[in-house]
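The entries follow the structure.

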Amino acid sequence: MNFNFSDFYIAIANNKLAHWLNVLPAQITQWQTQQVHGLFPKWTKMLKKIPVGEPSFIDIKNQVRIEQNSLPVGEQKKLENLLKNFHPWRKGPFHIDGIDIDTEWHSDWKWKRLLPHITPLKDRYVLDVGCGNGYHMWRMLGEGAKFVTGIDPSDLFLIQFSAIKKLMGQTQPVYLLPLGIEQLPILAAFDTVFSMGVLYHRRSPIDHLYQLKNQLREGGELVLETLVVDGDEKTVLVPAGRYAKMPNVWFLPSAKALKIWLEKAGFENVSIVDEARTTTEEQRSTPWMHHKSLPDFLDPNDEYKTAEGLPAPKRAILIAQKPKNHK
């Protein structure tokens, strides 16, 4: 298996992430030799069949849309079948040459909720932790970010991202690395760090907040999105078993408790900018993700409760800053 990250090494060699090269190549080599999914050779074979795009139109400001120069109908169907080999598609949607990848999540709705509240991304170095297939990274680039890096240990998400980037023409400064946050050294280089849909999967959520802070420059901004429950500053739900049929959910604080966690981890100017209940219109099964989804995880008689009788999913977005005089 050969998956080349040399373009990323070259890109950071002369920018403020250059010190990452002290450890990154060895980590990628370890991933290549020890951590690759069993279907990865099949996926890479399919990925090679996807043409390098020559887009006549790209919109990543308002959506993620790519239009090629008059792609023939036969080629369009071939491309659609190739992309369907990378099922399940969870984050999106993507619109490619008349192909609408209707993903499990309406990730564009989350983006619309958070965008008015964050520091404009123009000319910023951005890190997206747990980025999935990179949908939000394209939207970050669409807001004028200078350099966008995503990390996610899922090999399938890497393939999906690579397929979209190939269709984009591969020239954009956006990259996905198959790593977890715990593998990153203290880079202290990013202007904005996003962690969306990650915190509740962490057994040590405060440690996760410190790891995020370690990647920010002084004065940099954290955008944190996670599951929460209703309650005051002392409210934290720890599911005894599964939560919405997920086995790996550890801590669900109230938004007010999460604000305290961020302050305790050394962030300042912490604000709760959005809280929204996840609906079955935002997360559901589709032809591009035909596994079970949120409608199957809720109490069939009460949409405000999970199948386990716990509060149904509600998500909050918090914004915080790393102090400028941080030591």
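I counted a charge as sitting over a ring if NZ of Lys or CZ of Arg is within 6 Å of the ring centre and within 35 degrees of the ring normal. The model is predicted, with local features needing pLDDT of at least 70 and side-chain atom pairs counting only at pLDDT 80 or more, while totals for chains, interfaces and linings use all residues. Residues are numbered from 1 along each chain as its sequence is written, and side-chain values use heavy atoms, leaving out hydrogens and water.

Entry 1, charges over rings. I found the charged end of Lys16 over the ring of Tyr125, 4.6 Å from its centre. I also found Lys165 over the face of Tyr175, at 3.9 Å from the ring centre.

I took rings of Phe, Tyr and Trp (its six-membered ring) as paired if their centres lie within 6.5 Å, with planes under 30 degrees apart stacked, over 60 edge-to-face and the rest tilted. My search of the whole structure gave 15 aromatic pairs. One of them, Phe8 with Phe147, is tilted, at 6.1 Å centre to centre and 40 degrees between the planes. Both Phe8 and Phe147 are buried (under 20% relative accessible area, 1.4 Å probe, protein chains only). I noted that ring pairs join Phe8, Trp20, Tyr125, Phe147 and Tyr175 into a cluster.

Definitions and conventions:
Buried < 20%, exposed > 50% of the residue type's maximum accessible area, 1.4 Å probe, protein only.
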